[in-house]
Amino acid sequence: MEAWRKSEWFYCGIVLSVERDGIELDRHAASLWGVECNYPGTDNSYLTTVANELLPEALDAGRAAASRLAATVTGWAAT
């Protein structure tokens, strides 16, 4: 608790966005909030692990956004 009182650790959110060829497909494709950050004795490498666990959800959101974009531009809808 002392580390928290000194603002040495805090809770944060991890947000993944999806971009393809410079085009943002989904700014908030997947996220998780309430993740401890800078907790004493950790190197925060678990934040990468958490982001990697969110990756499948973000990729699905990106694919869906790309499909919607293609349908809008071409008038074609994927089935």
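Helices (H or I, at least four residues) and strands (E, at least two) are taken here as DSSP runs, numbered from the N terminus. The model is predicted, with local features needing pLDDT of at least 70 and side-chain atom pairs counting only at pLDDT 80 or more, while totals for chains, interfaces and linings use all residues. Residues are numbered from 1 along each chain as its sequence is written, and side-chain values use heavy atoms, with hydrogens and water left out.

On these terms, the chain contains two helices and two strands, arranged α-β-β-α from the N terminus on. The chain is more spread out than a compact globule, because its radius of gyration (taken over C-alpha atoms) is 17 Å, well over the 12 Å that the globule rule gives for 79 residues; that rule is 2.2 Å times the number of residues to the power 0.38. Along the principal axes, the C-alpha atoms fill a box of roughly 60 × 20 × 20 Å.

Of the 79 residues, 27% count as buried, that is, under 20% relative accessible area, as against exposed at over 50% and partly exposed in between (1.4 Å probe, protein chains only).

Next comes the interior. A nonpolar core is a set of buried Ala, Val, Leu, Ile, Met, Phe, Trp, Tyr and Cys residues joined through side-chain atoms within 4.5 Å. The largest one here has 16 residues, and Ile14, Leu47, Leu54 and Ala58 have the most contacts inside it. Strand 1 (10–20), strand 2 (23–37) and helix 2 (46–74) each give two or more residues to this core, and helix 2 gives the most, with seven. Leu47 is in contact (heavy atoms within 4.5 Å) with Cys12, Ile14, Val35, Glu36 and Cys37, leaving aside neighbours within four places in sequence. Among contacts in the chain between residues at least 6 apart in sequence, 46% join residues at least 24 apart.

Two further residues round out the picture. Asn44 is found in the loop between strand 2 and helix 2 and is buried, with a relative accessible area of 19%. Not counting residues up to four places away in sequence, Asn44 touches Cys37, Asn38 and Tyr39. Ser67, by contrast, lies in helix 2 and counts as partly exposed, at 28% relative accessibility. Ser67 and Leu25 are 42 residues apart in sequence, with their C-alpha atoms 9.8 Å apart in space.
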